[in-house]
Amino acid sequence: MGKDFVGLLSVEQLDQDVFRGWCHDGMPSRAFGGQVAAQALAAAALTVPEGRTAHSLHGHFLRPGDTARPLDYTVERVRDGSSYLSRRVTAVQGGEPVFALTASFKRPETADDRQPAMPRTPGPDELPDMYEIWARNSPEDFAQAKFCRVLDMRYVPGPPEPTMPGLTEQKLWIRATERLPDNPALHARALAYASDLFLAPAAALGHQLPRMLRDEPSSVFLTSLDHSVWYHRPFRADEWMLFAQRSPTSVDGRGLAFADVWSLDGRLIAHVVQETVVRPSRTRRR
């Protein structure tokens, strides 16, 4: 399984600054956005000298990716500074851009370390395996989900009442199923892959539970518009990570969701932000 996950996060080099990858479904026949972002980050990282690590990525989903065809990633070397490097990556399929990524890398440095306390949350060992719930509620849907083969997940429902009016909240514990190689760039890609899970549903919690936890069809159409990740502290994606997700607003057919990402020992390791299309599903629209 670990090797399978490494393969999902990897790209093949075709030429200088040109790479190719294959993606699995997120929605039927649509490439999973987290995997597209992870592969684009992989392409960017392959053009960066050793000793530089990703500290942020910002991506825009432009068109649905077709999982029956490969994606070609072209890297533009925007800036090579003494401390920071910038790369721009365009994922193309059939001559049309599908995804655009800007990634920034830096040399590690010693500085002050400040963060808030991790929110009090049941540990992953105290929570049921959500895949068992999903397999029971919707066995066909569960059988088709590729990410279940490479990630363990536990779900923490939001509070019965919003902690702030208009806010929706939920938490996820996520880790890679098997041990991954000791490669920080690979772990950064694994977090990018996982960060796209449940963030769009967090923006729709006022309408429905995530697909894993319900047995009725979706009443909402969701698709990601853009996605950003900031990496703060070293971590391992094969150890439990808490994604504390919240959505403060949904308006104009768009929802905004955030995730604070914590290690099991309470280190704030990343932040994620995503804007998502949130509309009534076509079967429910009038």
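**Entry 1. The chain as a whole**

What percentage of the 286 residues of the chain count as buried? I found that 49% of them do; buried stands for under 20% relative accessible area, exposed for over 50%, and partly exposed for what lies in between, with a 1.4 Å probe and protein chains only. I note at the outset that this is a predicted model, in which local features need pLDDT of at least 70, side-chain atom pairs count only at pLDDT 80 or more, and totals for chains, interfaces and linings use all residues. Residues are numbered from 1 along each chain as its sequence is written, and side-chain values use heavy atoms, with hydrogens and water left out.

I looked up the secondary structure and recorded six helices and 14 strands. These are DSSP runs numbered from the N terminus, helices being H or I of at least four residues and strands E of at least two.

I then turned to the overall dimensions. The C-alpha trace spans about 50 × 45 × 40 Å along its principal axes. The radius of gyration is 18 Å, which agrees with the value near 19 Å that a compact globule of 286 residues would have. The radius is taken over C-alpha atoms, and the globule rule is 2.2 Å times the number of residues to the power 0.38.

For contacts, meaning heavy atoms within 4.5 Å, I considered pairs of residues at least 6 apart in sequence; 70% of these contacts join residues at least 24 apart.

The accessible surface comes to about 14,500 Å², and carbon and sulfur atoms account for 50% of it. Such areas come from the Shrake-Rupley method with a 1.4 Å probe, and for residues only the protein chains shown count as cover.

I also looked up the charges. There are 34 positive and 35 negative ones, and their mean positions lie 3 Å apart. Lys and Arg count as positive and Asp and Glu as negative, while His and the chain ends are not counted; each charge is placed at NZ of Lys, CZ of Arg, CG of Asp or CD of Glu.

Which residues of helix α3 are buried? In this helix, residues 130–137, I recorded M130, Y131 and W134. They lie on the same side of α3, because they cover an arc of only 100 degrees around the axis; the arc is that of the directions from the helix axis to the C-beta atoms. On the face turned away from the buried side I found the exposed residues E132 and R136. The buried residues pack against α4 (139–144), β9 (151–156) and β10 (168–176).

N137 also belongs to α3 and is partly exposed at 26% relative accessibility. Beyond its neighbours up to four places away in sequence, N137 touches M212, L213, R214 and D215.

In the loop between β8 (96–106) and α3 I looked up L127, which is buried with a relative accessible area of 16%. Residues up to four places away in sequence aside, L127 touches P122, R154, Y155, V156 and W173. The C-alpha atoms of L127 and R154 are 6.2 Å apart.

**Entry 2. Two strand residues**

Is L57, at its relative accessibility, buried or exposed? L57, in strand β5 (residues 53–61), is buried at 0%. Its contacts, neighbours within four places in sequence left aside, include L41, A103, A192 and H227. L57 and A103 are 46 residues apart along the chain, yet their C-alpha atoms are separated by 4.3 Å.

R246, in strand β12, is partly exposed with a relative accessible area of 28%. Apart from residues up to four places away in sequence, R246 touches L167, T168, E169, L256, A257, F258 and D260. The C-alpha atoms of R246 and R79 are separated by 34 Å.

Where is D17 placed? I located D17 in the loop between β1 (12–15) and β2 (18–21). Its phi is positive, about 65 degrees, although D17 is not a glycine. D17 counts as buried at 13% relative accessibility.

D252 lies in the loop between β12 (241–251) and β13 (254–263), and its phi is near 60 degrees, again a positive value in a residue other than glycine. D252 counts as exposed, at 62% relative accessibility.
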